[in-house]
Amino acid sequence: MTKLNGNTLLVKESLINSNHHVTVKNPLRDDAFDIDDDLKIELIAEKFKDIVEILGFDLTNDSIKDTPNRVAKMYVNEIFKGLNPINKPKVALFKNVYEYHTPLVELNIPFTSFCEHHFVPIQGKVNIAYMPNTYVIGLSKIHRLVDFYARRPQVQERLTMQIVQELSTTLNTKDVGVVIKANHSCISCRGVEDLGSSTLTSVFLGQIKNDNNLMSVLLGSNSD
Ligand SMILES: [Zn+2]
């Protein structure tokens, strides 16, 4: 950690950009980032062009001719950008000078992720609680960390665990609770086509799991 001024600490670049403390990993190969983003976009566009062509589309058509490139850029720069550790948000921590040691609760953090089995959206909200120790985190950084882990092909259970592990390590507290309620497009748009169902995952660690009231708030408040 680096001291910036009296109260602000910035987690060092090397620590920010490492996911070593997040032990629940996405199934990537070791050479996942050996080629750079520009080359990835170029290669994915070529492959996606094949898919569009095989489906029978006319790639000289104005509306469709740039689709392979658009999809490739969207994969690498937007919806899957959280795969690359260099995109991990920088996290500023502030000394807990207020001696605030009761739960901080952040509700209804929206996210869009993608099901790794079908590559279609998982959309929902995350509720988070943590008990501050020596440091507190800027609230917007909680949102940015959720976004970072969401922007990958995921399964909801893994996303829940990665957010829990990230917050627990970054904030140096064992008292963390994360609840995710989400709609899976692979359930609603295909397969059983079951519109309106949602999936709830939850992890409660440390003191949070002894607080029934708080667990109800986390489990219940995003029921829209
Ligand atoms: Zn799926």
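Analyst: One definition to begin with: the expected span of a helix is 1.5 Å times one less than its number of residues. Helices (H or I, at least four residues) and strands (E, at least two) are DSSP runs, numbered from the N terminus. With that, helix α4 (residues 139–150) has 12 residues, and its first and last C-alpha atoms are 17 Å apart, close to the 16 Å expected at 1.5 Å a residue.

User: Thanks. What kind of model is it, and how are residues numbered?
Analyst: It is a predicted model, where local features need pLDDT of at least 70 and side-chain atom pairs count only at pLDDT 80 or more, while totals for chains, interfaces and linings use all residues. Residues are numbered from 1 along each chain as its sequence is written.

User: How many helices and strands does the chain have?
Analyst: The chain comes to 7 helices and 9 strands.

User: And how much of the chain is buried?
Analyst: Buried residues make up 26% of its 224 residues. A residue is buried if 20 or more other C-beta atoms lie within 10 Å of its own, exposed if 12 or fewer, and partly exposed in between, with C-beta atoms placed from the backbone.

User: Back to α4, then. Which of its residues are buried?
Analyst: Ile142, Leu145, Val146, Phe148, Tyr149 and Ala150 are buried in α4. These buried residues pack against β4, β5, β6 (135–137), β7 and α5. Contact here means that the C-beta atoms of two residues, placed from the backbone, lie within 7 Å.

User: At what angle do α4 and α5 pack?
Analyst: The angle is about 140°, and the axes of α4 and α5 are 10 Å apart. That makes α4 oblique to α5. Angles under 35 degrees count as roughly parallel, over 145 as roughly antiparallel, 65 to 115 as roughly perpendicular and the rest as oblique. The axes are lines fitted to C-alpha atoms, for helices over the stretch in contact, and angles run from 0 to 180 degrees between N-to-C directions.

User: How does β8 pair with its neighbours?
Analyst: Strand β8 (residues 176–184) pairs with β9 in the antiparallel sense over 6 bridges, and β5 and β8 are also antiparallel, over 9 bridges. Valine 179 has serine 202 in β9 as its bridge partner, while tyrosine 130 is partnered by valine 176 in β8.

User: Is β8 enclosed or open, and why?
Analyst: It is largely enclosed by the rest of the structure, because 8 of the 9 residues of β8 are buried.

User: What about phenylalanine 204?
Analyst: Phenylalanine 204 is in strand β9 and is buried, with 20 other C-beta atoms within 10 Å. Its C-alpha atom is 6.2 Å from that of valine 176, 28 residues apart along the chain. Leaving out residues up to four places away in sequence, phenylalanine 204 touches Gly177, Lys209 and Met215.

User: Which residues have a positive phi without being glycine?
Analyst: One of them is phenylalanine 119, at about 55°, in the loop between β4 and β5. Phenylalanine 119 is partly exposed, with 13 other C-beta atoms within 10 Å. Asparagine 172 also has a positive phi, of about 50°, and lies in the loop between α5 and β8. With 12 C-beta neighbours inside 10 Å, asparagine 172 counts as exposed.

Note on methods
Two strands pair if DSSP finds at least two bridges between them.
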